[in-house]
Amino acid sequence: GALSSWYEGPTLLQAIEDFAVPPRLVDKPFRLVVDDVGTLGRDRLKLSGLCVSGRLTVGQKLAVMPVGDVCQVRKLIKKRPSATTESRGGGSVYTEGAGNVDEEIQHVYSGECCDVIVHGIEESSRAPAGSVLCKLRKSELCRGCWKVEAQIRTFDALLVPLVKGTQMILHRGGKEVPVTVGKLLALLNADGEVAKERPRHVTANRTCRIVLKLEEKACLEAYR
């Protein structure tokens, strides 16, 4: 057909079958980004989110960052699709239900979503969406910051150039943080090389490095 006259790559099904699942970061420091929080009673909260790295076991103590409150894991709950088995024509047929079933587990690993039931935090406001759960070891703490150097790409929709003092919203793990451009460090070429240092402004369709000042403390780590 017309497509085969110029396209020699794999079909959609072949591309899906050859898709390589990225490795889970199980050996990295534990990080769970909180998406939702619920109160279960005195000093007990249900923190729901995605474990982005590391592993967690029931009974371990955690720090809720950037606030710094300490809590202990009482339960780990994972949601699984409900299923039923029906008898049809002398055999059994497995069907998935419409809802989910809560399954209590002992461990959670990188790449898994779960509910973490913790004890030791009095108010849900101490662990809002966007908070990060991490281990108490000094080397594993995810510390908050007020200023960050970032590499960004502007889109076609940017009508007014970025300048020092431009205000924006930073989206991080369900949290929206107001930020202000503190410095314009450099414009970058497509290969990542510096095209111009300390530009006065950044227009649409450009890659640049800038310094952002956050209006509230947030957990951000260097990209590696």
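**Close-up views of a predicted model**

**Figure 1. Serine 110 in a loop.** Serine 110 sits in the loop between strand E7 (107-109) and E8. The model shown here and in the other views is predicted. Serine 110 counts as buried because its relative accessibility is 4%, and the cut-off for buried is under 20%. The side chain of serine 110 comes to 3.2 Å from the backbone oxygen of valine 52. Valine 52 is also among the residues that serine 110 touches, together with Arg24, Leu25, Val26, Cys51, Ser53 and Gly54; residues up to four places away in sequence are not counted.

**Figure 2. The whole protein, for orientation.** The protein has 14 strands and one helix. It consists of 224 residues, of which 31% count as buried. Among contacts with a separation of 6 or more, 65% are between residues 24 or more positions apart. The average pLDDT is 86, and 89% of the residues score at least 70. Confidence is highest in strand E3 (residues 55-57), with a mean of 94, and lowest in strand E6 (residues 91-105), with a mean of 66. Where pLDDT is low, the predicted coordinates should not be read in detail.

**Figure 3. The largest nonpolar core and leucine 133.** The largest nonpolar core contains 20 residues. Leu32, Leu56, Leu76, Val116 and Leu133 have the most contacts inside it. Two or more residues of this core come from each of strand E1 (31-41), strand E2 (44-53), strand E4 (61-65), strand E5 (69-88) and strand E8 (113-119). Another core, of 13 residues, lies apart from it and includes Val179, Leu187, Cys208 and Leu212. In soluble globular proteins, nonpolar side chains tend to be buried together. Leucine 133 touches Phe30, Arg31, Leu32, Val34, Leu47, Leu62, Ala63 and Val64, leaving out residues up to four places away in sequence.

**Figure 4. The hairpin of E11 and E12.** Strand E11 (residues 167-172) and strand E12 (residues 175-188) run antiparallel and are joined by six bridges. Isoleucine 169 stands opposite proline 178 in E12. Two residues lie between the strands of this hairpin, and glycine 173 has a positive phi near 55°.

**Figure 5. Alanine 186 in strand E12.** Alanine 186 is part of strand E12. With a relative accessibility of 1%, alanine 186 counts as buried. Alanine 186 and lysine 196 are ten residues apart along the chain, and their C-alpha atoms are separated by 5.6 Å. Lys196 is also one of the residues that alanine 186 touches, as are Val194, Glu197, Arg198, Pro199, Thr207, Cys208 and Arg209, not counting residues up to four places away in sequence.

**Figure 6. Backbone angles in two loops.** Most residues other than glycine have a negative phi, and most peptide bonds are trans. Methionine 65 and proline 66 are joined by a cis peptide bond, with omega about 10°. Proline 66 is in the loop between E4 and E5. Arginine 198 is not a glycine but has a positive phi of about 50°. Arginine 198 is in the loop between strand E13 (194-197) and strand E14 (207-219). Asparagine 205 is also in the loop between E13 and E14, and its phi is positive, near 60°. Arginine 198 counts as exposed at 71% relative accessibility, whereas asparagine 205 counts as partly exposed at 36%.

Terms used: Residues are numbered from 1 along each chain as its sequence is written. This is a predicted model: local features need pLDDT of at least 70, side-chain atom pairs count only at pLDDT 80 or more; totals for chains, interfaces and linings use all residues. Side-chain values use heavy atoms; hydrogens and water are left out. pLDDT is the predictor's confidence in each residue, from 0 to 100. Helices (H or I, at least four residues) and strands (E, at least two) are DSSP runs, numbered from the N terminus. Two strands pair if DSSP finds at least two bridges between them. Buried means under 20% relative accessible area, exposed over 50%, partly exposed in between (1.4 Å probe, protein chains only). Contact means heavy atoms within 4.5 Å. A nonpolar core is a set of buried Ala, Val, Leu, Ile, Met, Phe, Trp, Tyr and Cys residues joined through side-chain atoms within 4.5 Å. A polar contact is a pair of N or O atoms within 3.5 Å; within protein, one must be able to donate a hydrogen and the other to accept it, and residues adjacent in sequence count only if both atoms are side-chain atoms.
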